[in-house]
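Please look at the sequence and the model below before reading on. The paragraphs that follow begin with the overall order of elements, then turn to individual strands and to contacts between charges and rings.

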Amino acid sequence: MKQSRLSGWAMMLAAMAGCSPATPRHDKGNASVNIGVGGKSVRLELPPGSGHEVVADVRPADAPSEQGVTLLFYAGNSDAPIATPTLYPPDKPAAFLIRVPPGTRWLRVEAKPLTDGKTSQTVDHGNAPVLGIALRTPE
């Protein structure tokens, strides 16, 4: 019962964040980039043929913490995020279906720690976890 309750919460959070849960897939062919939680943003090119949706596969790359992580996806140089899914639990891989505005060629991604249910702007960079993120077209 606990697993289904967590799945329900994950789907609700994903819907509120402007994205939908998808099945994680980590093919070796996907180009992946590492991002440090609380660190600088990274740029990810959209895969060819992605249209208006893209799947972001997220996996813990090293030293996952028990603290959730909110990912902020921006269309190019936009100031407002187009999706803000939260990875929780942070030690499990996840996939998020993100709706992309027309004309977008790349996404900027930031990772912020989640503290007390809110996204925090501060992080201990010495202990900051690293996530791997790859974009792919939906199946």
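Read from the N terminus on, the elements of the chain follow the order α-β-β-β-β-β-β-β-β-β-β, that is, one helix and ten strands, where helices (H or I, at least four residues) and strands (E, at least two) are DSSP runs numbered from the N terminus. This is a predicted model, in which local features need pLDDT of at least 70 and side-chain atom pairs count only at pLDDT 80 or more, while totals for chains, interfaces and linings use all residues. Residues are numbered from 1 along each chain as its sequence is written, and side-chain values use heavy atoms, with hydrogens and water left out.

Of the 139 residues in the chain, 39% are buried, a term that stands for under 20% relative accessible area, with exposed meaning over 50% and partly exposed in between (1.4 Å probe, protein chains only). Where contact means heavy atoms within 4.5 Å, 81% of the contacts in the chain between residues at least 6 apart in sequence join residues at least 24 apart.

Strand β10 (residues 130-136) is largely enclosed by the rest of the structure, because seven of its seven residues are buried. In a regular strand the side chains alternate between the two faces of the sheet. In β10, V130, G132, A134 and R136 point one way and L131, I133 and L135 the other way, and all are buried. Two strands are taken to pair if DSSP finds at least two bridges between them; β2 (residues 32-36) runs antiparallel to β10 and is joined to it by five bridges, with G132 in β10 as the bridge partner of N34.

Strand β8 (residues 106-115) is mostly covered, with eight of its ten residues buried. Strand β3 (residues 42-45) is joined to β8 by four bridges in an antiparallel arrangement, and the bridge partner of E45 in β8 is W106. Strand β5 (residues 69-75) also runs antiparallel to β8, through seven bridges, and here Y74 stands opposite R108 in β8.

The charged end of R43 sits over the ring of W106, 3.9 Å from its centre, whereas R108 lies over the face of Y74, at 4.0 Å from the ring centre.

Key. A charge sits over a ring if NZ of Lys or CZ of Arg is within 6 Å of the ring centre and within 35 degrees of the ring normal.
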